[in-house]
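User: I am new to this model and would like a close look at a single part of it. Please take your time and connect the details as you go.

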Amino acid sequence: MVKRPLDIVVLSDIHLGTVGCHALELLQYLNSIDPKILILNGDFVDVWNFRKYYWPESHMMVLKTMLTMMTNGTDIYYLTGNHDEVLRKVSSLQLGPLFIRDKLILELNGEKVWIFHGDIFDITMKHSKWVAKIGGKGYDLLILLNRAINKITERMGRGKLSLSKKIKDGVKKAVRFIEDFETTAIELAIDQGYDYVICGHIHQPKIRGFENEKGSVIYMNSGDWVENLTSLEYDGQQWDMYKFREEDFIQNERIEKLIRSHRRNSEVYIK
């Protein structure tokens with residue numbers, strides 16, 4: 001496969017080390033692109049829910065692939081999130097082409113871009129972290145249940161569904177939280193004179209423009225690799241939202257073996 005050259009790719013909420021992470025799909029995507037800069041916008045490794053007994057080969061291959069990308073000239077900026085907040089203790093660290101930061105400000109074609117994870121806007125994160133951690137464990141259980149249900153629905157020819165998305169879309173408080181999150185990021189970005197603001201955290205991929213009496217900004221959220229499998233791509237001229245589709249890829253032999261093994265293990269679990 002010929003790799004697509006890109007100036008910048010933004011990924012967030014990959015949650016390596018959890019059952020919800022779509023590492024195999026991410027591997028296919030990473031092997032299809034050649035970015036000058038790769039930005040991991042928080043929750044790359046899920047330290048909150050990490051367990052020693054769960055670290056599949058596909059998750060290790062994601063790390064190895066990113067090391068190869070750095071060797072081949074890609075700069076990687078790891079921006080800290082709430083699930084990997086332990087790295088905020090070393091958020092000025094640079095190891096060659098790897099930079100650990102809490103936020104990143106870029107100037108692209110004369111326009112200022114502000115990039116950060118976004119958990120700073122979450123009141124639950126500030127005042128009741130234990131509640132958020134319990135919620136994270138419940139989310140993992142929901143993902144496991146969702147995968148089991150999808151195996152059944154696919155066999156019945158009904159396709160996949162996302163239980164977590166349906167729940168979030170149907171709960172008014174969740175919808176309001178997302179709207180408040182986006183509004184806060186947008187208003188702060190306008191107040192500080194940014195042309196673009198890029199977040200993660202809420203697992204809601206989006207590109208939207210906004211204007212008020214103080215100015216205008218383009219808000220973007222790169223989504224996640226648990227439910228939506230999305231990223232933001234910048235080709236030197238404009239930003240686009242990428243959405244993973246399995247049919248777009250020709251598998252390499254090693255990833256094919258991992259996929260077959262993963263499917264067998266899933267079937268055993270369901271039975």
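Does E182 count as buried or exposed, judged by its relative accessibility?

Analyst: E182 counts as buried, because its relative accessibility is 2%, where buried means under 20% relative accessible area, exposed over 50% and partly exposed in between, computed with a 1.4 Å probe on protein chains only. The model is predicted, so local features need a pLDDT of at least 70 and side-chain atom pairs count only at pLDDT 80 or more, while totals for chains, interfaces and linings use all residues. Residues are numbered from 1 along each chain as its sequence is written, and side-chain values use heavy atoms, leaving out hydrogens and water.

The side chain of E182 meets that of R208 in a salt bridge of 3.5 Å, N to O, a term for a side-chain nitrogen of Lys or Arg within 4 Å of a carboxyl oxygen of Asp or Glu. This pair links distant parts of the chain, since E182 is in helix α6 and R208 in strand β9 (residues 206–212), 26 residues apart; helices (H or I, at least four residues) and strands (E, at least two) are DSSP runs numbered from the N terminus. R208 counts as partly exposed, at 27% relative accessibility, and K206 joins E182 and R208 in a network of salt bridges.

D191 lies in helix α6 and K214 in the loop between β9 and β10 (215–221), so the pair ties together parts that are 23 residues apart in sequence. K214 is exposed, with a relative accessible area of 58%. A search of the whole structure finds eight salt bridges.

The loop between α6 (172–191) and β8 (196–199) holds Y194, which is buried with a relative accessible area of 8%. W114, likewise buried at 9% relative accessibility, forms a stacked aromatic pair with Y194, at 5.1 Å centre to centre and 20° between the planes. Rings of Phe, Tyr and Trp (its six-membered ring) pair if their centres lie within 6.5 Å, with planes under 30 degrees apart counting as stacked, over 60 as edge-to-face and the rest as tilted. W114 is in strand β7 (residues 111–116), 80 residues from Y194. K112 lies over the face of Y194, at 4.9 Å from the ring centre, a charge being over a ring if NZ of Lys or CZ of Arg is within 6 Å of the ring centre and within 35 degrees of the ring normal.
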